[in-house]
Amino acid sequence: SRLQRSWAAAGCGAVAAPTFRGNRFRLPRRDGEEDVGGYNRTLVELTRRSVGERVLVAGGIGPAGQELEPFGDVSFEELVTAYAEQAAALEEAGVDLFLLAEDMTMAEERAAMLAVRQASGKPVVVLARCDDEGRTASGTDVLAALIVMQGMGAAAFGLSCWEGEEALLEQLQRLTPYAAVPLAAVVSRAG
C-alpha cells in the first residue's frame, strides 16, 4: 500500500501486515468457508512487496472476539487452534516476527502466544493498552500481562495508555523493575 511504502521511505524498520482480523472467527465466510491461509498469505505478500526486503514485516494477530467458556461457547483449546491456523499461515508467508494487538484479552494473548510457538520460533512482540490505573479494557493489570507474556517467551512488551503520555510514563516506570524484556511506548498522535 502507499501508506506502507511511505513508512519504509521514511526509514521505518518494521511494519505490520494488516492481518489482525485474520483468524477464523473474524474473517468473512465465502461459500460457507473462511480462507485463513489465503487471506494472511496475501496480506503479507502485499506488505512485503510494498516495503521491500530491508524492512521487517510483522504478522499481526488480533482479537478473536469470542467469549470463552463458561461465559461463551468457545473453549480455550479452540481459541489456540484458531490462532495456530493463522500463525502457521503467517509463518508460511515469511513474516519476520509476530505482533499481538493492543486490544486482545489476556486469554487471547495467552492462546495466541501458544499458537505462535507451535508454528514458529520467531520473536513475538506483545502490545497492551491501559487506563491510568494500569488496567486493560478487559480488566487485566498490565504488570500481570507483562509477567505472563515474558514468561511465555515474548521478545518485547509495548504499552499505550488512553489517558495520555503522562499515564503511559507512569505505567512504564511501574513495569520497569519487573521487565526482563525490552519495553516499548506506543504513542499515537491525532492529525
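Begin by selecting D141 and R174, which form a salt bridge whose closest N and O atoms are 2.9 Å apart. This pair links distant parts of the chain, for D141 sits in the loop between β4 (124-130) and α5 (142-151), while R174 belongs to helix α6 (residues 165-175), 33 residues apart. Bear in mind throughout that the model you are looking at is a predicted one.

Is D141 buried or exposed? With a relative accessible area of 18%, D141 is buried, because the limit for that word is under 20%. As a general point, side chains of opposite charge can pair when their charged atoms come close.

Select D96 and R48 next, where a salt bridge brings the closest N and O atoms to 2.9 Å from each other. Here too the pair links distant parts of the chain, with D96 in the loop between α3 and β3 (97-100) and R48 in helix α2, 48 residues apart. R48 is buried, at a relative accessible area of 16%, whereas D96, at 28% relative accessibility, counts as partly exposed.

Now move to E92 and R41, whose side chains meet in a salt bridge of 3.7 Å, N to O. E92 lies in helix α3 (residues 76-93) and R41 in helix α2 (residues 36-51), so that this pair, 51 residues apart, again links distant parts of the chain. E92 counts as exposed, its relative accessibility being 57%, and R41, at 27%, counts as partly exposed.

The helices α2 and α3 pack at an angle of about 40°, and their axes are 8 Å apart, which makes α2 oblique to α3. Their crossing is right-handed. To display the contact, select V36, G37, N40, R41 and V44 in α2, together with E85, Q86, A89, L90, E92 and A93 in α3, for these are the residues that meet. The residues of this contact divide into 5 nonpolar, 3 polar and 3 charged.

Stay with α2 and pick out T47, which is found in that helix. T47 is buried, with a relative accessible area of 1%. Leaving aside residues up to four places away in sequence, T47 touches Q4, V15, A17, P18 and V57, so showing these together with T47 will display its surroundings.

The next selection is N23, placed in the loop between β1 (14-17) and α2. N23 is buried, with a relative accessible area of 0%. Which residues does N23 touch, not counting those up to four places away in sequence? They are V36, G62, P63, A64, Y83 and Q86, and two of these, V36 and Q86, are also among the residues that meet where α2 packs against α3.

For the last stop, go to P70, which lies in the loop between β2 (56-61) and α3. The bond to inspect is the one that joins E69 and P70, a cis peptide bond with omega at about 10°.

Technical notes. Residues numbered from 1 in each chain as written. Predicted model: local features only at pLDDT ≥ 70, side-chain atom pairs only at ≥ 80, totals over all residues. Heavy atoms only, no water. Salt bridge = Lys/Arg side-chain N within 4 Å of Asp/Glu carboxyl O. Helix = DSSP H or I, 4+ residues; strand = E, 2+ residues; numbered from the N terminus. Buried < 20%, exposed > 50% of the residue type's maximum accessible area, 1.4 Å probe, protein only. Axes fitted to C-alpha atoms, helices over the stretch in contact; angles between N-to-C directions. Parallel < 35°, antiparallel > 145°, perpendicular 65-115°, else oblique. Left-handed = near helix turned anticlockwise from the far one by under 90°. Contact = heavy atoms within 4.5 Å. Nonpolar A, V, L, I, M, F, W, Y, C, P; charged D, E, K, R; others polar.
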